[in-house]
Amino acid sequence: MIRTLILLAALLLAASATPQAAQRVLTFEDLRRVVSVSQPHISPNGTQIVYVRSTIDWKADRNRTELVLVNIDGTGARTLTHGRIGVTNPQWSHDGARLAFLASPEAGKPAQLYVMPMNGGDSQQLTTNKAGVQDYAWRPDGDALAYVSDDDPANQKALDNHLDAVVITDNDYLTRETPQPAHLWLVAASGGAANRLTSGTWSVVKGSAPVWAPDGSKIYYQRQPDPIFAHFVSQTTYAYDVNSKTNADLGFGVDSDPKVGDANSGSLNGVSGGSLIAVTKPRHGTLYLQNDLSIRSLSDGHEVFNSSADLDRNVHSYFWLGPDLIVGTANGVRSVAFRVGTLNMRNATISGPRSPGWAAALVPFSDSLVDFSGDATAGTSGAIAFVGLHRDRPAEIYYLPPGSSTPRQITNENAWMSDFAIAKSEAFEWQTDMGTKAVGVLTYPVHYVAGRKYPLVLDIHGGPVSTSTWNMSGLEGLSLVQILAAHDYFVFRPNYRGSDNMGDAFLQGIVGDMASGPGRDNLAAVAALRATGMIDESRIGVSGWSGGGLQTSWLIGHANFWRAAVMGAAVTDQYQQAVLSDINEPFNQAFFNVLPFTPAGRAAYAAESPITFANNVKTPTLILSDTRDQRVPVSQAYTFYHALRDRGVTVKFTAIPRYGHFATDPVGREITLRAWAGWFDRWMK
Amino acid sequence: MLLAITPPPALTLKLADLRKTVSVASPTITPDGKNVAIVVRRNDYDKDRTQADVVLVNARTHAARTLLHNVTGLGQIDWSPDGSQLAYTAQGIVDPDDPDSDKTSQIFILPMNGGEPFQVTHEKMGVDGFDWRPDGRAFAYSAHIEAPNAAAIKAHNDAFDVTDEAWTDQAAPTPQYLYQIRASGGKSQRIGSGTWRVGGGFTYARDGRNIFVTRITDDRHPNRYLSRQLVRVNLANGAVTPLPQLSQTQSDPVRGPSGQIAFAFANPRGTMQTEIALADAGGMHPRSVTVRLDRNVAGASFLPGGALLLTANDATQRKLFRATAAGAVTTVPLGNVSAGGSSVSKNGTIAFTGTTPAHPAELYLLSPSSHVPVRLSNYNGWIARYQLGVTRPVVWRTFDGLTADGVLTSPPASAKRAGRAPLVLYIHGGPTSASTTAYSGFVQVMAAHGWYVFQPNYRGSDNLGLRYARTTVPHITSVPGRDIEAGLARVLATAPIDANRIGVSGWSEGGLMTSWLIGNDRRWRAAVSGAAVNDWVQYDSMSDAKDFAPQFIGKSPWSSPSEYNLYEAESPLSYASNVRTPTLIMSDAGDFRVPTPLAYEFYHDVRATGTPVQFVVYPVVGHFPRDPVRIEDIYRRWEAWFVKYLGS
């Protein structure tokens with residue numbers, strides 16, 4: 001027996017020492033097996049977690065989702081829903097007797113609200129709004145739910161008669177119907193007719209969740225002045241008073257994502273927990289740049305805490321946890337959680353002076369390869385369920401017991417991947433001309449042998465306010481990077497200025513230099529990588545999607561050492577971006593502090609537009625775009641393509657006939673990534 | 001008593017009245033000249049569709065009877081060579097057990113000795129056009145094939161490589177091939193082989209053993225519309241013989257009484273002007289017959305003896321011309337009738353649709369012995385009850401000494417107010433087109449408000465010959481802009497117009513001119529800019545008409561900085577910050593010709609000036625809506641914008 005164990009240990013050791021000898025490398029076909037987990041919610045009694053499990057139905061080209069219930073020790077997993085379409089957003093009633101979720105009654109129809117009894121019985125569809133349900137929240141007493149739904153057009157009869165012309169203001173260039181305002185509704189958990197709570201030409205911010213006051217007397221929600229998507233940047237928190245049926249502006253100015261404290265929440269500067277509301281506040285007035293956590297008094301609205309001093313990171317997500325808050329942010333090349341509250345762990349703060357009484361501290365995990373994603377919720381006991389990201393394997397559901405720093409892995413949906421060799425990723429720092437260092441993720445070729453040189457591919461993130469982390473997550477981190485590494489490229493994902501992993505000063509560096517500032521950072525990163533001696537300098541490629549496409553198209557206009565380039569959904573013309581995109585003028589305003597309608601403004605936009613430098617391009621370039629990209633208008637791909645082709649540059653423009661900024665169907669995703677990786681194989685192998 | 005029988009026109013024309021307009025088109029005379037088939041379309045506003053009927057009109061008695069009622073997807077109609085059958089394209093008969101079957105366009109035959117129409121073809125992607133074989137026993141037809149990767153597309157593996165696609169395209173274009181099928185139906189056979197593609201009209205040779213075909217020049221994208229040539233294909237062995245090239249663009253052959261072939265070609269000295277060449281029965285030895293005509297020819301058919309009947313704009317009227325093989329040209333006497341489509345019988349009787357200044361299109365007949373056309377239909381008799389404005393030509397000198405013209409419609413007497421009247425400029429598109437004195441419903445609706453309506457022609461218009469048209473190159477916008485300003489000066493000097501109440505408007509190229517004029521002149525009180533080419537660089541990248549900008553401006557804007565600067569200088573967007581004119585901007589959401597993003601650009605730029613501007617988008621694909629409801633809505637907003645700013 002002992003002999004056998006020793007033998008096994010030796011085998012394991014051998015396997016981990018030379019993975020490339022024994023293990024297969026990932027292919028696109030393999031990646032169709034990836035199971036995605038999301039939205040974990042701990043049951044009110046603290047014993048179970050419900051989450052959404054998503055698998056790929058390749059033949060039908062659909063993502064199939066279902067709700068799965070699992071015990072907090074990882075045992076007893078069972079599927080709660082069967083064959084429903086687009087199941088998402090599970091939420092327990094406060095007594096745990098029922099589980100609500102959204103799903104489409106039939107394919108192609110918008111989602112409706114369902115409630116499932118947890119003592120046996122099928123789910124009941126509660127809503128029938130034509131426009132479906134966007135988000136919802138249980139009333140604390142569990143007898144009703146508030147939800148958000150778009151209004152039906154008031155002129156439906158005229159529309160049916162084709163009197164359907166749309167008056168355009170800041171709508172995107174694909175607009176075919178007048179956007180309708182979203183409003184609050186209330187429906188009893190036992191069913192029956194739903195009641196409209198609010199109405200008007202203003203709109204609840206689409207996709208924002210209503211938030212109940214703990215006593216059920218108010219619903220907090222985000223309001224924007226009209227239903228035009230681009231105007232979500234004007235959102236502010238309102239309270240709907242259930243008894244008086246009146247709406248009140250809380251006076252916070254532009255903010256987002258309100259979360260109300262409860263009796264368990266700690267008091268702060270004399271305000272008790274039950275009178276606190278947390279929101280994110282833009283530090284520079286726009287939601288597109290750094291957002292801080294702001295905690296305010298519900299009684300008079302004054303700010304009692306702002307995280308800017310203690311936690312200089314762009315806040316991605318947060319939730320109340322007993323007396324404190326857990327805040328998700330990027331940090332370096334990691335995705336991390338901070339605990340904000342009356343802490344003793346002051347040594348763990350990132351920077352700056354601290355607010356009196358409160359502080360922020362990094363939540364350490366015992367497993368140094370596990371990262372915190374913002375997709376997390378707290379149980380009533382103080383436990384946390386979260387989607388745990390991991391450097392070397394896909395995300396799984398984790399459970400963090402109250403007070404513990406040892407997350408327990410609950411799911412193992414992607415165990416199959418242990419048969420495969422996974423490329424290793426690590427942080428790589430380099431010096432920028434801002435005087436500070438930047439850090440990105442360097443992924444090694446799967447068959448890496450020290451001392452040999454390998455070609456390098458840059459994969460530049462979009463946003464631009466986001467971060468490439470070293471985790472196997474996201475379209476690029478999980479799929480593209482692993483495929484490229486399996487083809488034995490180094491892959492580097494730079495977090496250039498404008499990324500939100502280093503704090504506000506680094507992020508703000510992009511304002512006014514939207515293409516050129518990050519461009520210089522990325523060129524400096526390549527120089528630093530070359531200096532390592534690990535790179536085959538004759539084979540360096542560059543690529544990225546969206547803001548990463550912007551960078552790619554800028555970089556090939558400013559250097560000719562690239563062997564090949566792949567620019568996806570690239571912003572190549574800031575002017576077109578400002579007047580055609582669904583995010584429209586406010587987005588570019590945030591990054592330029594000017595609009596392109598004056599000579600100076602137009603010149604500033606041209607100076608930061610890759611199309612201005614297209615005449616310099618010599619790199620063989622693949623242009624990718626969805627045909628109906630509302631975010632980065634496809635017109636920019638057409639313009640850049642003709643600018644290259646008409647000058648005889650080797651260029652190919654592959655269009656993916658989809659609506660959206662990146663294909664969401666499995667086949668669409670894969671053909672996009674295959675084209676991307678294939679271009680490097682064609683020019684760099 | 002007499003007054004009671006013929007009451008004077010008294011009603012004021014309103015936009016909704018135009019729903020009563022009946023369209024008469026596609027006159028097709030029987031070989032013996034005794035009957036004419038026409039396509040009659042009526043608006044069904046409530047159902048938002050047009051109803052198409054095929055009507056047979058007796059040339060002698062003028063009696064009409066409907067041959068085909070309410071035909072869905074009616075396209076081409078054509079008599080069999082002996083006149084015993086009428087072939088046409090329409091939506092195929094749908095199998096009730098297979099709702100997807102034959103929803104595309106198919107060839108049908110209607111026997112004229114009784115019996116219902118018989119469906120000849122079952123092409124999956126539909127029939128685009130057809131030609132009767134001279135013996136009447138078979139058809140040649142063109143049809144697009146299914147995408148070679150149809151199975152992959154069905155599995156959503158549907159990415160495609162863009163080359164000269166329009167921004168709205170969702171798939172690569174599929175080739176159009178030529179087929180032959182017996183008139184009795186059965187299996188069709190492809191004509192020719194290989195990958196060459198049809199790019200326009202085709203006609204059998206007299207012997208029925210060869211066919212003349214417009215083909216897309218090798219490897220050119222269909223959106224490269226100037227790259228088309230003519231070939232003769234041997235039906236027995238598929239051998240392809242190119243015809244001599246008079247120009248880079250030759251197309252649309254027609255066969256004459258003794259087998260000679262006429263075809264269209266783009267004048268090499270100015271490809272915007274289409275001319276006609278005559279070749280022998282083998283398609284060889286072509287010679288232009290339009291050197292002396294020097295007009296852009298819109299249609300050609302053979303007269304007995306081998307002369308050609310040609311349709312072209314000339315000054316402010318669309319006329320018919322007779323051109324001999326030697327190139328001698330005479331005008332066919334039509335009085336004040338502007339000609340539309342035409343058809344000639346074996347004995348030389350001409351059936352054509354014609355429009356007078358006060359009456360929408362009707363069917364006319366001109367027999368060989370007559371000098372006066374006879375009107376055979378009166379579908380639009382309702383218009384006689386309305387008082388209309390009078391439309392007359394206006395002639396002026398351009399800044400560089402050429403003669404230019406346009407038409408001015410004065411308000412009807414009942415709409416005249418004391419003092420000077422507002423003026424609306426209503427600028428045609430194209431630019432290869434022309435405004436004529438022919439009836440225009442919307443012009444009359446505007447005139448009924450008491451406004452003068454000026455429809456200028458300008459450099460690039462096709463009514464004054466090639467020298468005039470081609471001098472718009474490379475200044476596609478600025479030279480026409482100056483022409484229109486000069487025409488306006490002439491109008492102001494001749495009519496009692498309030499210079500403070502002038503509106504300017506147009507669609508497509510007319511929208512381009514409108515956007516330009518409001519950016520270069522602030523005299524306008526209001527403007528309506530529809531589907532305007534506001535940005536030539538963007539247009540060049542995204543439009544389906546890929547030869548247009550190179551044809552009218554020059555090489556690619558990316559070929560040199562000077563080309564780029566020229567494209568920018570001719571773009572209204574470059575002057576948008578000057579705009580102070582309240583402007584209504586309109587576009588279809590999926591305009592592949594003048595890309596919709598160009599309207600967004602202009603809107604945002606004008607809005608930033610603080611000038612009142614409204615931007616309206618129609619959620620349809622195309623360059624202008626085709627359904628009655630949306631068309632009327634466009635004109636209603638157009639009219640209302642001017643009522644608001646000019647007064648009624």
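Modeller: Let us begin with a term. Helices, of at least four residues, and strands, of at least two, are DSSP runs numbered from the N terminus. Please bear in mind that this is a predicted model.

Colleague: In which loop does Pro464(A) lie?

Modeller: Pro464(A) lies in the loop between E35 and helix H5 (474–486) of chain A. The peptide bond that leads from Gly463(A) to Pro464(A) is cis, its omega being near 0°. Pro431(B) is placed in the loop between strand E34 (421–427) and helix H3 (441–447) of chain B.

Colleague: Which residue other than glycine has a phi near 40°?

Modeller: That residue is Ala569(A), whose phi is positive. Ala569(A) sits in the loop between E38 and H9 of chain A.

Colleague: Is Ala569(A) buried or exposed?

Modeller: A residue counts as buried if 20 or more other C-beta atoms lie within 10 Å of its own. Ala569(A) has 28 such atoms within 10 Å, and therefore it is buried. In chain B, Asp294(B) likewise has a positive phi, near 50°, and belongs to the loop between E22 and strand E23 (297–302). Asp294(B) counts as partly exposed because it has 18 C-beta neighbours inside 10 Å.

Colleague: Which strands are joined to E21(B) by bridges?

Modeller: Strand E20 (residues 261–266) of chain B is joined to E21(B) by six bridges, and the two run antiparallel. Within this pairing, Ala264(B) stands opposite Ile276(B). Two bridges join E21(B) to strand E22 (residues 287–288) of chain B, again antiparallel; here Leu278(B) stands opposite Arg287(B).

Colleague: How does one read the order of strands in an open sheet?

Modeller: In chain A, an open sheet of four strands has the order E28-E29-E30-E31, with antiparallel pairing. Strand E28 (370–378) and strand E31 (408–409) stand at the edges with a single partner strand each, so one side of each has no neighbour in the sheet. Five bridges join E29(A) to E30(A), and Phe386(A) has Tyr398(A) in E30(A) as its bridge partner.

Colleague: Where is Asp392(A) found?

Modeller: Asp392(A) is in the loop between strand E29 (384–390) and strand E30 (396–400) of chain A. Beyond residues up to four places away in sequence, Asp392(A) touches Leu369(A), Ile422(A) and Met472(A).

Colleague: How is a nonpolar core to be understood?

Modeller: In soluble globular proteins, nonpolar side chains tend to be buried together. The largest nonpolar core here has 275 residues, and those with the most contacts inside it are Leu113(A), Leu145(A), Val327(A) and Leu484(A). H13(A) gives this core its largest share, nine residues. Another core, of 86 residues, lies apart from it and includes Ile29(B) and Phe212(B).

Colleague: How many residues does each chain bring to the contact between the chains?

Modeller: Chain A brings 39 residues and chain B brings 39 residues. On the side of chain A that touches chain B, the elements giving two or more residues include helix H12 (635–645), strand E40 (651–659) and helix H13 (666–684). The residues of that side comprise 22 nonpolar, nine polar and eight charged. Pairing also crosses between the chains: three bridges join E40(A) to strand E12 (residues 160–162) of chain B, antiparallel, and Ala655(A) has Phe160(B) as its bridge partner.

Notes. Residues numbered from 1 in each chain as written. Chains lettered and ligands numbered in written order. Predicted model: local features only at pLDDT ≥ 70, side-chain atom pairs only at ≥ 80, totals over all residues. Contact = placed C-beta atoms within 7 Å. Pairing = 2+ DSSP bridges. Nonpolar A, V, L, I, M, F, W, Y, C, P; charged D, E, K, R; others polar. Core = buried A, V, L, I, M, F, W, Y, C linked by C-beta atoms within 7 Å. Buried ≥ 20, exposed ≤ 12 C-beta atoms within 10 Å, placed from the backbone.
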